Amino acid sequence: MKMTINKHTILTGNIYKLIFILATPLLFSNILNRIYDLTDAFFLGKIGGIQVAAITYSWPLINLIFSLSHGLGVAGTSLISISIGKGIQEEIDANVQQFLNMGIILSIFIGTFCYFFTKEILIVLGTQGELLEECKKYMEIIFLATPFTFIITCYSALRKAEGKNLKASTILSLSVISNMIFTPIFIFNFNAGISGAAWGTFLAKFIGAIYCIYDCLYSKNSLNYKFSKSFFSLKKTLEFLKVGFPASLSEATTSLGFVILNSYVREYGTVVLAAYGIGNKVNSIFFIPVSVVATSLTTLIGQSYGANDVNRMKDILNKTIKLGIIISTIGALGIFFLSKSIALIFTKDPSILKHSIVFMKIISISLLGWGISQIYNGFFIGIKKTQLTLFISIFRLWGVRLPLFIILSKFNINEYAVWYAMCLSNLSVGIFSYFIFKKNSSIFKKNTDSVPITI
């Protein structure tokens, strides 16, 4: 019998079946989303290495700036799923309204500021010459699409909180397909170069945002929430900031860590930087399965937390950890043995190919540790303890990766210092996440809002 995803089934249904139903649409949409990221690199790779290096350099900075969008999405999924679990309609309505209002305000502010100060931001980071000009062309157009990005983020977070992951994945699929159509047209037919890749992304985001608005307001799946006339609630704003700010800071510190790492990789030349970009994007595809399982865990834990069902929360976490270990192991083997075949899709340059393959093989070893940390992150988000995900993020990048790179770089092993530092930081964060969880085992007590966080 087909399982219908609703509050009752989330709180009582078979856990493995629920994870499968929730994760499957996210799996396909996230694979498409990674293909979305790879689209620019694939087509720009036909033009030259500097363009690939430019988008490799740009995206960690873009992600750093858009970390507020990520934090808001995390807060939305967490708070709305918990209120759905409680079953108090007035609280659900208030959370949804505040969530959407904050999305509107942030998108206007961030988009406007970043568009007008793109070059200055790049110069502060020490970007120069042709790389500076290519990054500027790309990022200015991406920042124009900021309102569309926030609309998609809010829509996806809301649907995930409801357990309607298929709806969330539909929007990603639509954006990816649009990007794959428009990007080559702008790059090759209009000879727009890296700007063409950005315009392809812009149009894909625009189409995705239009779909979100239509689905929320006019389709049979339109939102059935009742909003008050008050646009702003200080109490709700503070509640969203309490959950969303640590998540934003976690994303920001991660992105900033990659920005700094990029600056080091850049010193090894554009060949290594291009290989690093290709390897990172390809590896991210194999990281998707355990990531979507963790995202599904957040919905299950959030609603169980709202219903104050502690035994259900324990069962969900234990089964998800087992599943995460199996999936991570399979993914690691996939990266290791398929690295050459996949890298050949994106480059024929022997030097870039060589560095890409080595990088991917080294990183594959670390997938298990990273996967375990993602499961615990999904759990912590579900219970509103995003401060713990922040500590885990800081440990991985600032406690291990960057210090380890600085140490290894003293041994004159060139780019291998980066590869080894990334691998070891991913492995160690799995152990650290487990340690943080065990230190906070009291979160399984009733009324976990009152339980203090222990580090």
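**View 1. Helices α12 and α13 run roughly antiparallel to each other.** Their angle is about 165 degrees and their axes sit 7 Å apart, with α12 covering residues 270–306 and α13 covering residues 310–346. (Under 35 degrees counts as roughly parallel, over 145 as roughly antiparallel, 65 to 115 as roughly perpendicular, and the rest as oblique.) The axes are lines fitted to C-alpha atoms, for helices over the stretch in contact, and the angles go from 0 to 180 degrees between N-to-C directions. The crossing of this pair is right-handed, meaning that the near helix is turned clockwise from the far one by less than a right angle. Sorted by class, the α12–α13 contact has 20 nonpolar residues, seven polar ones and one charged one. (Nonpolar here is Ala, Val, Leu, Ile, Met, Phe, Trp, Tyr, Cys and Pro; charged is Asp, Glu, Lys and Arg; the others, Gly among them, are polar.)

Some housekeeping before the next views. The model is predicted, with residues numbered from 1 along each chain as its sequence is written; local features need pLDDT of at least 70 and side-chain atom pairs count only at pLDDT 80 or more, while totals for chains, interfaces and linings use all residues. Side-chain values rest on heavy atoms, with hydrogens and water left out.

**View 2. The protein chain comes to 17 helices and zero strands.** (Both are DSSP runs numbered from the N terminus: H or I for at least four residues makes a helix, E for at least two a strand.) The C-alpha trace spans about 60 × 45 × 45 Å along its principal axes. Take the contacts (heavy atoms within 4.5 Å) between residues at least 6 apart in sequence: 81% of them join residues at least 24 apart.

**View 3. Helices α5 and α11 pack at an angle of about 75 degrees, with their axes 10 Å apart.** That makes the two roughly perpendicular. On the α5 side, the contact uses E91, A94, N95, Q98, F99 and M102, and α11 brings K236, T237, E239, F240 and L241. The class tally is five nonpolar, three polar and three charged residues.

**View 4. Two residues sit inside helices: G279 in α12 and S78 in α4.** G279 is buried, at 0% relative accessible area. Skipping neighbours within four places in sequence, G279 touches F359 and M360. N377 is 98 residues from G279 along the chain, and their C-alpha atoms are 24 Å apart. S78 is buried too, again at 0%.

**View 5. The loop between α16 and α17 holds N412 and N414.** Most residues other than glycine have a negative phi. N412 has a positive phi, near 55 degrees, without being a glycine. N414 is likewise a non-glycine with a positive phi, about 55 degrees. N412 is exposed, with 68% relative accessible area, whereas N414 counts as partly exposed at 48%.

Note on methods. Buried means under 20% relative accessible area, exposed over 50%, partly exposed in between (1.4 Å probe, protein chains only).
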